Amino acid sequence: MSNNQMMCDLATGVCGVAEEEKMEIVDFNQPKKSIDVYYVTDPICSHCWAIEPVLKKFKEQYGHYFNFHAVMGGLLEKWGDGPIDPANGIYKPADVASHWREVGQYSRMPIDGSLMIDNPVQSSYPPSRVFKVIQSKYSDALAYEFLRRTREQLFAFNQNISDQSILIDIVNKVGLDGEAIVNEAEQPIGQQLLNEDFTLAGRLGVKGFPTIVMINEENKGVKIGGGRPFEYYVDGLKQILDLEELQPKQQPSLSSLLEKEKLLFSKEIEVMYDVEQSEIDAFIEKELSEGHYQVKEIVGERYVTINN
């Protein structure tokens, strides 16, 4: 027996005669990211908060097929005398509270909403401008992390994200200089960057939030408006790629996902790992090391964070 034909199996640890061919051609190239996915959104959009679990899973499992771009849409410049969203009965800040609570109860992404009665957000432009400054100076990833933390503070923890001190604190917590960035966002460059997103959203034909637009190399697109089930986004990607099947990546372990996200709500874990709500505590206990996490509750929903 020739030693050249021996091999140790990585999975079993057993060594023996090699069954594989001596030489084979292997393609290690990742799929070319020929698709641009534009997520047109706004920091105070409750329906955007509601699709966080689905969008997170879509990006984790199929993000290797596309380049992801978050685009600010400008939901609320300021409160005026006229209606803001008459279709949902929203004429003044207090009207938002009950609408948000309905969205939170339906989606199970927690929303308190009482802020809009006691200390209402006056405009979604300040956090949107901060998002754009972070995106332009640092990276899409850091800007998106800021957007996520902003929504957590607004919807779940009832903080006024049009307040400069709140924005500074959020930016600091993503590891940047909050005061410098928030101050820069209030300079003309902040609005200039935001206006560029408004122009892009217009070109994409966006009329509401959330909207996902997928565009291929031939400049043909698929537009999905409103919050939709996970399968809608997968089917849209298949259509724009002209493929019958896609190869999803394995979901990350809960421990690695939590390490990256810092905070996950129960609904996000349920959607990512196809776990029933009734089984969530047992799943978390099985997947995470004791002493490294905390399970808490807010607005009737459980969430998990990393121990500091």
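Student: What does Arg302 count as, going by relative accessibility?

Tutor: Partly exposed, because Arg302 has 32% relative accessibility. Buried means under 20% relative accessible area, exposed over 50%, and partly exposed lies in between (1.4 Å probe, protein chains only).

Student: What kind of model is this?

Tutor: This is a predicted model, with residues numbered from 1 along each chain as its sequence is written. Local features need pLDDT of at least 70 and side-chain atom pairs count only at pLDDT 80 or more, while totals for chains, interfaces and linings use all residues; side-chain values use heavy atoms, with hydrogens and water left out.

Student: Back to Arg302. Which side chain meets Arg302 in a salt bridge?

Tutor: Asp281, at 2.9 Å, N to O. A salt bridge here is a side-chain nitrogen of Lys or Arg within 4 Å of a carboxyl oxygen of Asp or Glu.

Student: Arg108 and Glu301, buried or exposed?

Tutor: Both are buried.

Student: And which residue does Lys132 pair with?

Tutor: Asp197, at 2.9 Å, N to O. Asp197 is in α9 (residues 188–203), Lys132 in α5 (residues 125–137), 65 residues apart. Both are buried.

Student: Which residues form the salt-bridge network?

Tutor: Glu52, Lys56, Arg148, Arg149, Arg151, Glu152, Glu261 and Glu268.

Student: Which residues of α11 are buried?

Tutor: In α11 (residues 254–261), Leu254, Leu257, Leu258 and Glu261 are. They line one face of the helix, because they fall within an arc of 100 degrees seen down its axis. The arc is that of the directions from the helix axis to the C-beta atoms. Just after α11, Lys262 takes a positive phi of about 75 degrees.

Student: New topic. What does Leu147 touch?

Tutor: Thr41, Pro43, Met72 and Phe131, leaving out residues up to four places away in sequence. Contact means heavy atoms within 4.5 Å. Leu147 is in α6 (residues 140–156), and is buried at 1% relative accessible area.

Terms used: Helices (H or I, at least four residues) and strands (E, at least two) are DSSP runs, numbered from the N terminus.
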